[in-house]
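Subject: Structure for you to look over

Dear colleague,

I am passing on the structure we spoke of, and I would be glad if you could read it alongside the notes that follow.

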Amino acid sequence: MLTKRSVCALLTAIVVAAIPASAQAPDLAMLDTLQKGEWTLALRGADTQKKVCVRTGREFIQLRHDQSGCSRFVVEDRAIEVTVQYTCRGDGYGRTTIRKEGPGLVQIRSQGIHGGIPFSVEGEARHSGRC
């Protein structure tokens, strides 16, 4: 037979065990909802466009740092907007905010240091076809 004390302990254990499970939702889930394929990135103030092949949506996080192996910290992870701070050892860091306006349209702001030089870019990316 369970005593009042053991019931309280059991309920506390269940609540404590449930908290980490609910907190481990997939990071940056909004990026997973973007259309896969080729996107055209148009930066404000620049006359050039950049093609980006999107497989996960995370390709938009490091616009100035193409290398892999950078560490990332999720600052904000909402249904329509994510912000990620990243550091690339020996090459700088950045902070990128991506706001979803639709499955094929996002607004991007990124700033940081690349190769010892500060950068700040804003633009929009639109789905433009297959990779």
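When the bonded cysteines of the protein are numbered in sequence order, their pairing is 1-4, 2-3, and the count of disulfides (a disulfide being a pair of cysteine sulfur atoms within 2.5 Å) comes to two. Please bear in mind that this is a predicted model, in which local features need pLDDT of at least 70 and side-chain atom pairs count only at pLDDT 80 or more, while totals for chains, interfaces and linings use all residues. Residues are numbered from 1 along each chain as its sequence is written, and side-chain values use heavy atoms, with hydrogens and water left out.

As to confidence, the mean pLDDT of the protein (pLDDT being the predictor's confidence in each residue, from 0 to 100) is 84, and 80% of its residues reach 70 or more. Over residues 6-25, however, pLDDT stays under 50, and the model has one contact (heavy atoms within 4.5 Å) beyond four places in sequence for that stretch. Where pLDDT is low, the predicted coordinates should not be read in detail.

To return to the disulfides, cysteine 53 and cysteine 131 have their sulfur atoms 2.0 Å apart, and their link is right-handed, with 120 degrees about the S-S bond. This pair joins distant parts of the chain, since cysteine 53 is in strand β2 and cysteine 131 in the segment after β7 (117-129), 78 residues apart; helices (H or I, at least four residues) and strands (E, at least two) are DSSP runs, numbered from the N terminus. Cysteine 53 is partly exposed at 25% relative accessibility, whereas cysteine 131 is exposed at 58%, where buried means under 20% relative accessible area, exposed over 50% and partly exposed in between (1.4 Å probe, protein chains only).

Cysteine 70 and cysteine 88 form a disulfide with their sulfur atoms 2.0 Å apart, and the torsion about its S-S bond is about 105 degrees, so this disulfide is right-handed. Here cysteine 70 lies in the loop between β2 and β3 and cysteine 88 in strand β4 (residues 81-88), 18 residues apart, and both cysteine 70 and cysteine 88 are buried.

The salt bridges (a side-chain nitrogen of Lys or Arg within 4 Å of a carboxyl oxygen of Asp or Glu) come to six. Among them, aspartate 32 pairs with arginine 58, the closest N and O atoms being 2.7 Å apart. Aspartate 32 lies in helix α2 (residues 29-32) and arginine 58 in the loop between β2 (49-54) and β3 (71-77), so the pair ties together parts that are 26 residues apart in sequence. Another is the bridge of glutamate 38 with lysine 51, at 3.9 Å between the closest N and O atoms, which links strand β1 (residues 37-43) to strand β2; glutamate 38 is partly exposed at 22%, and lysine 51 is exposed at 51%. Glutamate 76 and arginine 78 also meet in a salt bridge (3.2 Å, N to O), and Glu76, Arg78 and Glu81 are linked in a network of salt bridges.

Finally, threonine 40, in strand β1, is buried at 12% relative accessibility. Its side chain makes a polar contact with the side chain of serine 128 (3.0 Å), a polar contact being a pair of N or O atoms within 3.5 Å in which, within protein, one must be able to donate a hydrogen and the other to accept it, and residues adjacent in sequence count only if both atoms are side-chain atoms.
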